[in-house]
Amino acid sequence: MEEMKGLVGQDANMTTLHQGQMKATGVDMDNSSLSPANISSLIVSVPLIKSMAVPIFSMTLGALSNIIALFILVKSYTRFRRRSKATFLLFASSLVVTDFAGHIIPGALVLMFYSGKAGSTSPTCQLLGGSLVFFGLCPLFLGCIMAVERCVGITRPLFHSAVVTSTRAKLVVGSLWVMAGIVATLPFLGAGRYGIQQSGTWCFISRGPRLNWMEDGFALLFSFLGVISLLISLICNTISGTWLLLARIKKRNCNRRAKSHDIEMVVQLVGIMLASCVCWSPLLMYVSITRFHNSDEYAWLSLLGVRLATWNQILDPWVYILLRRAVLRKIYQAVFQNMDGKHDRWNISSFQSSERSMVKRT
């Protein structure tokens, strides 16, 4: 009996100690302490802290990927500075730098929302919305101009060598950045609106409670520019790939038109285009659909779209890293090394460096 009393006394002491700890942490054990609101806030706080690992992981992976790709691009640019590939490498380097900044800047702003340091009415929300629009349009614009440049370089090489220079390429890159910046700043001038999204962790293009043609026009402008960039990339890459394929089949001007670096660049452009189409289509669709329908019904599409758009900036550098000539050569050797001689016209020489042909011409 005495042992039972001792156990009951220990339980009472533990209960008192537990109540004291709860009060010390700011949770009152009165009648209102166990309300549903307090319980839900305690339960939600733990997953919210854990969910910060997702943007941190994405931002870190994207930054490292773009740094690796930039190192490879700079090394390649020093080798091909005076050749036709130099312009492509300049555009690709600009794309990687843009993707790198597109991870660091918006990622830091998103972490402020996760940590509770920013809200829907804070200037951080407007900055985040503008940065997402800017760093969303820039890769699409750069991918488009890269496809156009390669299409001209393959189909009209003489015109390309006479018109396209590194100086003009830098002016084009600067103009694209300025164009994307102008579009991103339109809501700050009253032509559009950035607002907190349903998840409460990011801000993007939104619509007010009333119909506003300027807000709808800004959203449709963003979607239009993104879709047009993807369509132009698709058309130009299709033309370039078809031109190279016909040149190889007919063996016409093989050393000039179907150079290994042309094949390499077109393959990389196709990879960048496919990644952009897959990653950006949901978000572009969401922005367009919510202009005419209730946005709450498509909230899942917005969250899916922004996550895929973030992964586009991670995939872009890896497209260049993995689809280089050295990697393609190893893939070719692994696939065709044991096959018959019918594949001789697609032998490894098609992926060898173009320096040999240039040396022969000199």
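How exposed is valine 227, going by its relative accessible area? I looked it up in this predicted model. Valine 227 comes out at 38%, so I put it down as partly exposed, since that class runs between the under 20% of buried and the over 50% of exposed.

Next I checked where valine 227 sits. I found it in helix α8, which covers residues 213-250.

Then I went inside. The largest nonpolar core has 57 residues. I wrote down the ones with the most contacts inside it: Leu128, Val133, Leu137, Met146, Phe204, Ile205 and Phe222. Helix α8 turns up again here, among the elements that give two or more residues to this core. The others are α3 (53-79), α4 (85-114), α5 (123-155), α7 (166-185), β2 (203-205), α10 (260-289) and α11 (299-322). I see that α4 gives the largest share, 12 residues.

Leaving out residues up to four places away in sequence, I have Phe204 touching Gly129, Leu132, Val133, Arg193, Tyr194, Gly195, Gln197, Phe222, Leu283 and Val287.

Last entry: serine 94, in helix α4. Is serine 94 buried or exposed? I get a relative accessible area of 9%, so serine 94 counts as buried, the cut-off being under 20%. Setting aside neighbours within four places in sequence, I list Leu142, Val173 and Trp177 as the contacts of serine 94.

Methods
Residues numbered from 1 in each chain as written. Predicted model: local features only at pLDDT ≥ 70, side-chain atom pairs only at ≥ 80, totals over all residues. Heavy atoms only, no water. Helix = DSSP H or I, 4+ residues; strand = E, 2+ residues; numbered from the N terminus. Buried < 20%, exposed > 50% of the residue type's maximum accessible area, 1.4 Å probe, protein only. Core = buried A, V, L, I, M, F, W, Y, C linked by side-chain atoms within 4.5 Å. Contact = heavy atoms within 4.5 Å.
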